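Below is a short briefing on one protein model, arranged by topic. The sequence and the structure come first.

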Amino acid sequence: MKKLLILPILLALSACGDSPAESFAKAQTAFARHDYPVARITIASALAKQPGDRAMLLLQARTLIALGDGEGAGAALEKLVRAGPAQGDLAELSAEAALLRQAPDIALALLGDVSSVEAERLRALAAIQKRDLAGAGDHFAKAMAAGGNARTFADYCRFRLMAGDVAGAKELAGRAAKAAPDGLDTLLVGGQLALRQGDLKLSLEQFTQAAKLYPSSLAALTGQAAVLGDLGRFDQMQAAVTRASTFAPKDQTVVYLSARAAAARKDWAAVRAAVQSIEAGLPRQDPIRLLYGEALLRLGQSELAMAQFTPMTRSGPGARLAVRLLGEAQLASGDAQTALATLRPLAMLADVRPEELSLIAKAGKLSGDPQAAQLAPLAVTPASQALGRDLADADAAMRRGSWARAAAAYDRILAMTDGRNVLVLNNMANAQLMLGNDAKALEFAQRAVKQAPANPSVLDTLGWVRFKSGQDVNEAKRLLRLAAEKAPANVTIAAHLAEAEHAGK
């Protein structure tokens with residue numbers, strides 16, 4: 001961290017010794033390689049010695065826009081348009097800076113009657129900020145009719161995703177990729193779309209490429225960190241979050257991901273420290289509060305934890321977890337009767353979880369409610385409805401290629417059972433392989449083979465996992481040949497064996 005803090009100082013000192021032309025050239029080079037923090041420092045040095053230079057101010061404005069600094073970009077652009085209203089590219093840049101400041105009316109005024117694809121894209125974004133979705137759609141349509149560009153395709157893709165039109169979003173993401181395959185917006189929407197479709201492996205590839213090509217992009221780094229967290233790669237997640245925090249330590253997404261990474265390590269003090277500085281400004285139902293409340297609960301501050309959970313139990317995607325944690329906090333505070341009242345509705349759910357039943361039983365026992373206390377055995381033998389729903393969800397997710405959802409369902413099944421179901425273990429191995437979690441895929445494949453050492457599908461999975469992850473390729477081929485001998489008519493096994501045998505030739 002100290003090195004990251006010292007670097008800008010060293011760059012600034014170095015730039016001080018350069019001529020304005022040398023600093024400008026360095027800024028242009030840094031901008032071209034998307035190293036916007038360096039470009040910002042070197043262009044500022046050039047302008048300090050040659051204020052008012054038009055080309056330098058323009059590069060400064062573009063750099064600050066790339067860094068998301070709408071205030072700074074707006075100030076630089078004002079120096080360029082003092083003689084009169086902004087026209088053409090300057091009007092578009094000024095409008096984009098205004099949108100970064102969340103000032104859509106100013107952006108629209110700056111655009112005036114400018115007619116271009118970019119102007120229509122910016123008008124669409126202004127309409128979104130004003131919550132005029134119909135207007136946004138109209139402006140996107142005009143931008144598309146005028147030919148569109150990569151950023152238009154990408155922003156329109158996001159707009160379609162907001163509306164739930166995944167098919168339309170996919171078509172637009174494809175057009176963005178064709179127009180600018182390495183564009184930041186192209187890579188970001190590619191990652192978002194893949195995440196929406198449950199393809200975490202592809203999503204991670206897109207965000208990782210974006211973070212590589214645009215090292216100061218907060219969206220790329222936070223997207224990468226979030227997917228790594230979903231994949232359970234928490235050390236890598238922490239590295240991405242640490243990089244993101246050097247650019248925006250108090251950004252809510254960065255704080256949430258920092259807290260999530262700490263929670264995965266059960267470092268509740270770190271979770272509390274990460275959230276505490278922004279907690280006062282969070283909305284009552286912000287998901288960050290769920291992590292913050294759990295940290296307080298685990299640190300023995302149940303009363304404070306309850307204040308975090310209570311508003312979140314009323315609605316939202318985290319309501320069920322908030323109910324469970326609120327009940328747990330009420331139990332920890334010694335109020336078993338209130339905890340039972342909080343938790344009892346969970347027992348009525350068709351897919352009630354063992355951990356929920358166990359908590360309800362504990363609350364029933366402590367409050368003297370014999371009916372609730374008798375739920376304890378059900379926590380050991382989960383309801384067939386919950387198990388059946390998870391199996392159906394996992395099966396459907398596998399057919400759709402939604403590997404993350406399938407893995408999550410199989411994980412719940414394994415937790416609710418003795419963990420020895422061959423089909424579940426085998427499918428989990430395949431799902432983890434598709435997610436890029438090679439180590440986990442190998443672990444589950446080996447567990448499946450232990451349960452059914454002669455099953456050809458299981459042997460195929462272990463061989464395929466070894467081959468695709470590059471772990472003992474000779475053993476992988478042996479396993480695939482054995483699977484093919486046992487099931488010569490199986491097309492999938494034959495294809496896997498053919499690919500393995502052909503590799504390296």
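Where is Pro-51 found? Pro-51 sits in the loop between helix 3 (36-49) and helix 4 (54-66), where helices (H or I, at least four residues) and strands (E, at least two) are DSSP runs numbered from the N terminus. The model is a predicted one, in which local features need pLDDT of at least 70 and side-chain atom pairs count only at pLDDT 80 or more, while totals for chains, interfaces and linings use all residues. Residues are numbered from 1 along each chain as its sequence is written, and side-chain values use heavy atoms, with hydrogens and water left out.

**Overall**

- The protein has 31 helices and zero strands.
- The C-alpha trace spans about 80 × 70 × 50 Å along its principal axes.
- Of the 505 residues, 48% count as buried; buried means under 20% relative accessible area, exposed over 50%, and partly exposed in between, with a 1.4 Å probe and protein chains only.
- Among contacts with a separation of 6 or more, 50% come from residues 24 or more positions apart; a contact means heavy atoms within 4.5 Å.

**Loop residues**

- Pro-51 counts as exposed because its relative accessibility is 63%.
- Most residues other than glycine have a negative phi.
- Gln-102, which is not a glycine, has a positive phi near 60°.
- Gln-102 belongs to the loop between helix 6 (88-100) and helix 7 (104-111), and with a relative accessibility of 57% it counts as exposed.
- Lys-266 also has a positive phi, about 60°, although it is not a glycine.
- The loop that holds Lys-266 runs between helix 16 and helix 17, and Lys-266 counts as exposed at 58% relative accessibility.

**Helix 14 against helix 16**

- Two packed helices are described by the angle between their axes and the distance between the axes.
- Helix 14 (residues 218-230) packs on helix 16 (residues 252-264) at an angle of about 25°, and the axes are 10 Å apart.
- The axes are lines fitted to C-alpha atoms, for helices over the stretch in contact, and the angles run from 0 to 180 degrees between N-to-C directions.
- Helix 14 and helix 16 are therefore roughly parallel, since angles under 35 degrees count as roughly parallel, over 145 as roughly antiparallel, 65 to 115 as roughly perpendicular and the rest as oblique.
- On the helix 14 side, the contact residues are Leu-218, Thr-222, Ala-225, Ala-226, Gly-229 and Asp-230; they meet Thr-253, Val-254, Leu-257 and Arg-260 of helix 16.
- The residues of this contact comprise five nonpolar, three polar and two charged; Ala, Val, Leu, Ile, Met, Phe, Trp, Tyr, Cys and Pro count as nonpolar, Asp, Glu, Lys and Arg as charged, and the others, Gly among them, as polar.

**Helix 18**

- Helix 18 (residues 288-298) is largely enclosed by the rest of the structure, because ten of its eleven residues are buried.
- Among these buried residues are Arg-289, Tyr-292 and Glu-294.
- The buried residues of helix 18 pack against helix 16, helix 17 (268-276), helix 19 (302-309) and helix 20 (319-332).

- Thr-152 is part of helix 10 (residues 150-162) and counts as buried, with 0% relative accessibility.
- Leaving out residues up to four places away in sequence, Thr-152 touches Val-117, Arg-121, Phe-140, Ala-143 and Met-144.
- There are five aromatic pairs in the structure; rings of Phe, Tyr and Trp (its six-membered ring) pair if their centres lie within 6.5 Å, and planes under 30 degrees apart count as stacked, over 60 as edge-to-face and the rest as tilted.
- One of the pairs, Phe-140 with Tyr-156, is stacked, at 4.8 Å centre to centre and 15° between the planes.
- This pair links distant parts of the chain, with Phe-140 in helix 9 (residues 133-145) and Tyr-156 in helix 10, 16 residues apart.
- Phe-140 counts as buried at 0% relative accessibility, as does Tyr-156 at 10%.
- The rings of Trp-464 and Phe-467 have centres 5.6 Å apart and planes at 35°, so this pair is tilted.
- Trp-464 and Phe-467 both lie in helix 29 (residues 456-469), three residues apart, and both are buried.
- Phe-140, Tyr-156 and Phe-159 make up one aromatic cluster.
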